[in-house]
Amino acid sequence: MPPLLQLRGVSKRFTGVVALDGVDFNAYSGKVHALMGENGAGKSTLIKALTGVHPRDAGEITLDGKHISPTSPREAEAVGVSTVYQEVNLIPDLSIAENICLGRQPKRLGLLRWAGIRERARAALARLGLEKLDVNQTLSACSIAIQQLVALARALDVDAKVLILDEPTSSLDAREVEELFAVVRKLRDQGMAIIFVSHFLDQVYSLADRITVLRNGKLVGEYIAAQLPRLQLVAHMMGRNLAEVEALQHRAPPGTPPGKTILETKQLGRKGSIEPTDLHVRQGEVLGFAGLLGSGRSELARLLFGVDHATSGELHVDGEKTSFGSPRDAIQRGFAFTPEDRKIQAILPNLTVRENLVIALQARRGLWSRLPRAEQDALVEKFIKVLKIKTSGPEQLIKNLSGGNQQKVILARWLVTEPRLLILDEPTRGIDVGAQADIERLLAELRDQGLAIVFICSDASELSRNSQRLIVLRDHAKVADLAGADVSEHGVMHAIAHSGPSAP
Amino acid sequence: MKRPDPRLLPTLASLGVLLLLFGLGCLRFPDLLSPRVILNLFGDNSCLGVAAIGATFVILSGGIDLSVGAVVAFTGILVASLLGHGVPPLAAFALALLVGTLFGTLMGWLIQTFELPAFLVTLGGMFLARGLAFIIHPQSIAIEHAFYADTLPGFSLHIGSTTNAAGRAIPLLLPFTAVCLGAATLIGTLLARSTAFGRDIYAIGSSESSARLMGVPVARTKILVYGLAGFMSAFAGLVDTFYKQSGNPASFVGLELEAIAAAVIGGTLLRGGVGYIPGTLVGVLILGLIQTLVTFQGNLSSWWTKIAIGGLLFVFILLQQVLSKRKA
Amino acid sequence: MSPTDFILWPVLAALLFFTRKQALMKPLLALTLLLLYNRFCSPGFFDLEIKEGHLYGRLIDILNQGAKVMLLALGMSLVIATGGVDLSVGAIMAVAGAVLAQGVAARGWSPATAITAALGVSALLGLWNGLLVAFLRIQPIVATLILMVAGRGLAMLITDGQIINFENPSLVFLGNGYFLGLPFTLTLVLVMLGLTAFLTRRTALGLFLEATGDNETACRYAGLPARNVKFLTYVFAAFCAGLAGLIATSNIKSADANNIGLYLELDAILAVVVGGAALTGGRFHLLAAMVGALFIQTLTTTLYAANVSADIAPVPKALVIIAVCLLQSPVLRPKLAKLLAKKERPA
């Protein structure tokens with residue numbers, strides 16, 4: 001049987017960066033096709049090229065043997081390709097029925113027929129086996145899972161042949177995922193071709209018939225799910241061949257032995273974001289958080305820094321039970337945190353490098369004891385030199401710096417506060433190799449100076465290279481503690497692929 | 001029992017406030033219950049009501065319109081001046097409505113096309129309309145047209161009769177201005193509830209980015225919303241000439257605030273996306289009733305009206321905040 | 001050529017030439033152009049005379065009349081820097097005036113007590129605004145709308161609906177007196193400007209304000225007390241409004257709750273926007289906002305000099321608003337920049 005949807009040689013570049021490089025992709029009717037790859041592998045770009053959000057530079061798309069070339073999600077929908085996004089793109093203040101029918105409401109004499117709208121919505125929901133849902137309910141009053149299903153119903157309200165699910169499970173719990181999957185299986189059995197974008201291994205294996213792996217914008221391969229061992233899949237995603245992965249020697253970086261425990265958690269957790277977790281961090285060591293994107297690493301880090309509030313468990317600092325009401329409390333105890341999303345959570349785009357660099361120190365000193373300008377300049381000059389920050393000067397706006405240099409400024413922002421515990425969430429994401437090497441070297445130096453460091457990173461090799469111990473997270477729960485020889489790329493993959501059952 | 005739609009709660013609350021105020025008022029002043037007072041409550045507040053319905057649409061779309069009061073005054077003086085120059089009434093009305101609509105559309109176009117803050121653009125619109133009103137005529141003009149003197153009173157709706165103290169039957173008339181308010185409420189409600197345009201306004205006010213992804217014509221709708229508000233402001237200006245038989249360029253300073261207050265008190269969320277046109281009517285009636293009660297009380301001074309409105313505004317904003325927090 | 005010419009133009013030229021602040025350039029240029037227009041088209045605009053050691057003339061009027069908006073613009077600058085806006089300052093002016101007049105005329109307070117009470121009440125109202133915005137997290141436009149509506153009622157409540165006149169010489173001096181040959185209001189503005197500049201540039205307040213307006217989420221992660229900072233700006237804006245209210249009341253020697261400060265909140269916002277600040281928050285420039293306030297006042301005075309009725313004055317103001325908006329439009333700005341760049345390239 002020929003594939004229902006075929007993509008051939010699709011390419012896309014953004015201002016100098018190749019996001020997709022001649023990628024092929026097939027989807028068959030009555031099958032679930034998983035699209036996998038690490039962050040930045042090109043999964044969403046491929047989806048957006050398919051649905052017309054991004055115009056593609058090269059390649060062709062055929063659906064049912066006919067060439068299609070949609071230029072907007074609406075056009076894609078019209079030819080039968082519907083998408084459900086990771087974030088629910090619906091109107092929170094309208095009812096379920098309206099959300100399903102918005103833009104295509106049944107009318108009479110130019111006026112909307114509310115009975116028709118409800119009827120049509122009920123019919124769309126019934127296809128998903130959701131006859132019991134009250135279509136008059138306001139969308140925002142529903143759980144994210146229901147909202148996701150409503151989005152699905154809207155996508156199916158047009159005659160969809162291909163359904164794309166772009167990381168639809170990121171914010172669902174296990175039971176909700178199962179509900180969603182039941183619906184997806186039903187649709188599959190009705191003959192629809194389903195493209196499932198995800199990086200949850202368990203989910204992919206429980207749902208997908210075929211798996212396509214992308215890496216760095218290139219096609220790695222297309223596999224039958226049942227014939228692809230998990231470890232092999234992880235290796236494909238990370239770009240190592242299996243032998244290489246297994247042969248990789250664990251390099252334990254020598255350092256002074258770790259000192260006393262600074263931070264310890266006992267069953268610390270937050271409902272809906274991270275299951276209760278035990279961990280401890282000591283002076284002079286790097287504790288790595290391993291796990292795929294969305295596994296709960298950042299959520300755990302945010303809990304440690306007081307950005308989010310724990311709903312269970314205890315936090316001990318220097319052996320003393322405490323709790324953080326806000327990052328200010330954590331900072332007072334000598335904590336520092338470079339968050340994952342640099343743009344939203346870290347940089348002050350329209351302020352200068354100097355201002356970005358001194359802000360945390362100034363915040364700790366308070367309003368009245370302003371850091372004298374001379375001292376600010378001295379600090380900035382020192383850190384520009386030490387961290388090799390490339391900027392035309394301290395008064396340059398930070399938004400004009402490259403990602404790597406922005407990240408260095410954010411690091412410097414915390415180093416000037418002379419922290420005891422440094423939490424780095426994806427400090428090397430999206431920055432060039434040189435800057436990455438600089439940051440890794442700095443990490444080792446700081447560790448040897450006696451800092452306790454929590455290091456979060458998607459690249460297992462980089463993570464194990466730089467960490468003394470690891471905790472491995474999957475599906476919002478800690479699944480393994482690794483130390484000694486297990487701190488290796490192979491150890492991480494093994495733990496992600498095989499350790500324990502999924503979180504409930 | 002089925003729980004009411006949470007979106008309706010603020011509007012239900014304001015309906016409750018209206019009934020409560022009215023009930024308490026009746027206990028204190030039995031005269032309040034007279035049909036004449038109630039009819040006048042509608043008639044006296046029709047100009048504010050019509051303007052507030054226009055403002056409600058803008059707020060529903062997530063915007064704001066500060067030009068309401070100035071456009072109402074502008075229309076009033078425009079119509080009075082046109083009639084004074086012998087233009088036939090219907091032509092003058094049509095021209096005034098057209099100018100108001102174009103004025104609003106222009107502001108909407110500036111806001112949408114150049115991504116300008118609605119706050120500043122409609123502030124500019126307010127100054128412009130106010131200045132133009134004075135350019136048309138610097139003082140109040142009384143309208144002495146046969147249409148106003150003879151024809152208009154005939155449009156009042158006869159809805160029954162009552163007897164006066166002497167035992168003579170006098171007809172109960174719903175003033176024509178109140179008829180206009182009723183029509184505006186009805187058409188506004190229909191527009192908001194039963195047209196694709198109306199639902200698109202709600203969608204944009206609730207989440208503009210989602211609306212765009214769902215295929216809502218965001219730019220066109222947003223421009224039209226300001227056009228609609230301009231039309232309603234102009235219509236409110238007409239209604240006021242019916243009420244006062246004059247036009248005054250200096251009138252209605254701050255009407256936009258009352259319109260916004262009426263919308264908020266009537267259950268419209270200022271962030272957009274939630275609200276009901278009948279709710280705004282309730283809000284307008286609450287404002288009017290407060291005014292009436294203060295007048296009835298006699299020894300209460302007029303400034304209590306402002307303080308009471310401010311207090312109500314605070315309560316309803318707080319209610320909105322609590323409701324949206326619980327949802328989040 | 002009058003003596004004014006020899007002082008004014010060189011000063012403006014020097015300011016334009018030597019200012020290193022980009023932000024100050026545009027409003028200063030606009031002001032200079034407007035003054036130049038008057039130099040040639042409004043005879044007598046620049047005439048100054050000295051009577052009893054005091055300077056009189058249109059230029060002095062501009063400074064004197066502009067003082068209120070300048071004071072408001074100081075507070076408004078800080079509020080707008082955090083991404084907020086305060087619509088209630090006009091109403092707060094009326095309240096301050098009411099407290100002052102009622103205190104002196106009806107209660108027999110000393111001027112010092114009355115002034116302290118008026119400023120205290122203003123700050124309290126600012127406290128209320130700040131509470132709603134920073135801690136109850138109500139949108140600033142909405143939160144300050146409450147006082148904008150209720151404030152004047154409050155003012156009338158205080159004066160019992162009367163327009164209260166007073167003759168106390170100290171209070172009359174506040175808005176009409178002369179100090180060092182110049183209107184005393186100018187001294188007040190300069191003192192407040194100095195104080196605000198000190199607070200924002202000598203403490204960390206300026207940095208905190210701009211950081212809060214630029215990216216509040218990032219501020220939270222950096223441990224910055226963004227909420228307290230926001231809260232303070234509303235108190236400060238209300239305090240400035242209180243001062244402006246005292247001046248306005250003193251100007252007419254009576255508290256007129258209905259008219260004092262009417263629409264001045266909009267002038268203040270406009271002054272800050274003309275001064276180059278964005279309503280979305282971030283960078284603020286006190287001096288540029290002062291120049292913006294002077295520009296608006298000069299515009300009014302220009303129209304007055306041209307015998308344009310005060311009623312029609314809003315029209316040019318509207319055009320200024322739209323022009324300033326368009327100049328800062330995120331859509332138009334890159335296009336304008338491109339256009340300018342193209343013109344420069346062949347040169």
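Author: Find helix α4, residues 68-84 of chain B, and helix α6, residues 118-136 of chain B. The two pack at an angle of about 20°. Their axes are 8 Å apart. Angles under 35 degrees count as roughly parallel, so α4(B) is roughly parallel to α6(B). The crossing of the two is left-handed.

Now look at who touches whom. From α4(B) come B:Ala70, B:Val71, B:Ala73, B:Phe74, B:Ile77, B:Leu78 and B:Ser81. From α6(B) come B:Met126, B:Ala129, B:Arg130, B:Leu132, B:Ala133 and B:Ile136. Sort the residues of this contact by type: 11 are nonpolar, 1 is polar and 1 is charged.

Chain B also meets chain C. Here 36 residues of chain C are in contact with 37 residues of chain B. On the chain C side, α6 (140-159), α12 (264-274) and α14 (314-327) each supply at least two residues. The largest share is that of α6(C), with 13 residues. By type, the side of chain C that touches chain B has 28 nonpolar, 5 polar and 3 charged residues.

Move on to chain A for a sheet. Strands of a sheet pair through backbone hydrogen bonds, either parallel or antiparallel. In chain A, an open sheet of 6 strands runs in the order β6-β9-β10-β3-β11-β12, and its pairing is mixed. The edges are β6 (81-84) and β12 (218-224) of chain A. Each has a single partner strand, so one side of each is left without a neighbour in the sheet. Neighbouring strands are turned by 20° against each other on average, direction ignored.

Strand β11, residues 210-215 of chain A, runs antiparallel to β12(A), and 6 bridges join them. Across that pairing, A:Thr212 stands opposite A:Glu222 in β12(A). A helix belongs in this picture too. Helix α8, residues 230-238 of chain A, lies across β3 (32-36), β11 and β12 of chain A. It runs at about 30° to β11(A).

Last, check the confidence. Chain A has a mean pLDDT of 86, and 92% of its residues reach 70 or more. One stretch of chain A needs care: over residues 245-252, pLDDT stays under 50. The model has 13 contacts beyond four places in sequence for these residues. Where pLDDT is low, the predicted coordinates should not be read in detail.

Conventions: Residues numbered from 1 in each chain as written. Chains lettered and ligands numbered in written order. Predicted model: local features only at pLDDT ≥ 70, side-chain atom pairs only at ≥ 80, totals over all residues. Axes fitted to C-alpha atoms, helices over the stretch in contact; angles between N-to-C directions. Helix = DSSP H or I, 4+ residues; strand = E, 2+ residues; numbered from the N terminus. Parallel < 35°, antiparallel > 145°, perpendicular 65-115°, else oblique. Left-handed = near helix turned anticlockwise from the far one by under 90°. Contact = placed C-beta atoms within 7 Å. Nonpolar A, V, L, I, M, F, W, Y, C, P; charged D, E, K, R; others polar. Pairing = 2+ DSSP bridges. pLDDT = per-residue confidence, 0-100.
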